[in-house]
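User: I would like to learn how to read the pockets of a protein model. Could you take me through one, step by step?

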Amino acid sequence: MPTHKTSSGQQHDYTARVEWTGNTGQGTASYRAYQRSWDISTPGKPVVHCSNDPLLGGDPGLHNPEDLLLATVSACHMLWYLHLASSRGIVVQGYSDNPVGLGETSPDGAGRFLSATLHPLIQVSSGTDVQQADAVHGLIHQYCFIARSLNFPVQVDARYEVADQQ
């Protein structure tokens with residue numbers, strides 16, 4: 001990944017290839033003549049097959065942009081949580097999340113996310129100060145590339161379990 005020095009830090013180039021795969025032979029001759037499907041490819045990584053939101057005619061068996069955005073918000077939060085917890089001596093044994101995004105569609109068809117709520121279930125080692133573990137969530141928005149780029153709020157409703165040490 002190429003990087004560039006700037007006066008305020010370091011810039012990074014992120015790349016991907018998005019290719020429409022929904023041409024059924026007629027192109028976009030009419031609204032119903034094409035599928036809302038595409039592939040995301042990045043060199044050296046598996047291809048991700050995608051479709052539009054099923055509410056808009058997409059394939060419900062494939063990821064849509066809204067799925068991917070919500071999963072990305074959750075994953076970035078998780079990775080920063082693990083990093084910041086580790087640096088504070090909090091031992092995390094497991095982490096899973098079931099995030100929920102709230103979206104709205106206006107009468108003209110334009111859509112947007114209004115908010116997202118992360119619902120991580122975090123397994124911590126015996127003896128962990130759960131209040132200290134919970135406080136880590138409040139630090140993440142300072143660092144998470146994705147959260148810092150959003151224009152909607154992200155709340156965290158975390159639960160904790162004490163895990164047996166392995």
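User: How do the residues lining the largest pocket divide into nonpolar, polar and charged?

Analyst: Ala, Val, Leu, Ile, Met, Phe, Trp, Tyr, Cys and Pro count as nonpolar, Asp, Glu, Lys and Arg as charged, and the others, Gly among them, as polar. In this predicted model, where local features need pLDDT of at least 70, side-chain atom pairs count only at pLDDT 80 or more, and totals for linings, chains and interfaces use all residues, the lining holds 14 nonpolar, four polar and two charged residues. Residues are numbered from 1 along each chain as its sequence is written, and side-chain values use heavy atoms, leaving out hydrogens and water.

User: What is a pocket, and which residues lie nearest the centre of the largest one?

Analyst: Rolling a probe the size of a water molecule over the atoms shows where empty space is left. On a 1 Å grid over the protein atoms alone, with a 1.4 Å probe, a pocket is an open set of points with protein on both sides within 12 Å along at least five of seven lines, and lining residues have an atom within 4 Å of a point. Here 20 residues line the largest pocket, and Y14, T15, A16, T42 and K45 lie nearest its centre.

User: Which element gives the most to that lining?

Analyst: Helices (H or I, at least four residues) and strands (E, at least two) are DSSP runs, numbered from the N terminus. Helix 1 gives the most to the lining of the largest pocket, namely five residues.

User: How does the lining of the second largest pocket divide?

Analyst: That lining has four nonpolar, six polar and five charged residues, and strand 7 gives the most to it, with four residues. Of its 15 lining residues, D53, L55, E66, G103 and T105 lie nearest the centre.
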